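Subject: Structure handover

Hello,

Here is the structure I promised to pass on. Please open it first, then read my notes below.

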Amino acid sequence: MTDQKIPLIETKNLKKNFNDLEVLKGISETIYKGEVVSIIGPSGGGKSTFLRCLNLLEEPTSGEVIFEGNVLDAKSTDLDVHRQKIGMVFQQFNVFPHLTVLDNITLAPMLEKKVAEADAKAKAMELLKQVGLEDKANEYPRKLSGGQKQRLAIVRAMAMEPDVMLFDEPTSALDPEMVKGVLEVIKQLAETGMTCVIVTHEMNFAREISDRILFIDEGIIAEEGTPEEFFSNPKNERTKEFLSQVL
Amino acid sequence: MGPGIIEVLLEYWPIFLQGMFGTLKYAFIAVSGGTILGALIALLQLSKNKILHTLSLIYVNVLRGTPLLVQLYIAYFFLPLVFPALDVIGKEGTVVLALILNSSAYVAEIIRGGINSVDPGQSEAARSLGLSAKHTMTKIILPQAIKNILPALANEYIAMIKETSLAGTLMLYELMYTRTILANKYLSWQPLFIIAGIYLFLTIVLSFLVKRLEKRLAVSD
């Protein structure tokens, strides 16, 4: 993490209701450029909802999401342009089953950034090589294992050359033997200086790669800190209780 | 009793053949027109605009909730009274228009169902990559929805082949209308069995083709 802190994503009093259920109760937080932030907490506490608000897949009930100085939830904002710079990886992979591995990656750059086909393909092959999938380029996703699908989903997002990557429980739907490979890819990505926000249940992983941990419970950030502080010396009662259950 | 079925068929087969082609033609026009209109209605139904959504919902429910025969009669007897301009397309055109409108309501439901059958995660992934709503629909959702939509559309065509028999009561020259023609020749019952046989032949052959289409589409899963 750089010494000079440049805010990349900021939320201001972010609230989200699903009907009568208040899932986020006013979160004000800043993610800085180059930072790796892990979000942990109990299920149903609002961590995925918070993450999904950052690229407005969930529309906030109130409050602001500011990305690179632009208020994303303002009506006049062209969301698509900003979303191109916010990569997202989902728990269920969500690769496009009707497209080959290569087309999964080249589709968005060619359609929305008007990248020439040859350039998009070259870039896609380079990315596939980095995650060990170059021999699968012309396969359809149904031939891939869960771990391979998730690695594809990661490079699909990377192909847009985003400024930040959001990970929504990227290993929760994987068979245990697939988890390591995917975490390795995320770790490599984080080491290149990519800003990453990761919702995860992998405590050891969070501890190892994060600059900062956010503990979200009952719709608020109940505690935050460096992995060191957070795991060794949690201050909040709920954090202590949570950690005692998962560690 | 009069002559037997075979004799009637041998003597009047060109009439039945013409009726069969009429049936295939009207069903095709109805479903094709219904598909174009129905796609539009489906998009309105999926739209976030509450007024458009409600209007399309009413449209679909009225057309699906009332008998086609009633709709055809309204089109035939009432519409020309209030829209004299319909004279341009004539009585035949008005009846065909009613078939198209009726089909569009069913097709709208087919398309809406097909689109909704695609995992919402697909749309989320596409939008998160920065794909526009239009590209998300045309490049991600529809190519996946089509697998469910195509066989259902083919089934709608098969259903419409039977439904068009109602248009025969309004003098459209289709299969059922051959009964009216031949009744003038004192053939009261023979044509009915020939007509039924031809309908059955058409629906069985087409259903078989739909099954094969479904199998082929399923291969890519």
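Predicted model: local features only at pLDDT ≥ 70, side-chain atom pairs only at ≥ 80, totals over all residues.

Residues are numbered from 1 along each chain as its sequence is written, chains are lettered from A and ligands numbered from 1 in the order written, and side-chain values use heavy atoms, without hydrogens and water.

**The sheet**

Chain A has an open, antiparallel sheet of four strands, in the order S2-S1-S4-S5. Strands are DSSP runs (E, at least two residues), as are helices (H or I, at least four), numbered from the N terminus. Two strands pair if DSSP finds at least two bridges between them. The edges are S2 (21-32) and S5 (70-71) of chain A. S1 (residues 7-18) and S4 (residues 62-67) of chain A share five bridges. A:Ile9 has A:Phe67 in S4(A) as its bridge partner.

**The interface**

Chain B gives 20 residues to the contact and chain A gives 23; contact means heavy atoms within 4.5 Å. H5(B) supplies seven residues, the largest share of the chain B side. Two salt bridges link the chains (a side-chain nitrogen of Lys or Arg within 4 Å of a carboxyl oxygen of Asp or Glu). B:Arg127 and A:Asp80 form a salt bridge, at 3.1 Å from N to O.

Best regards
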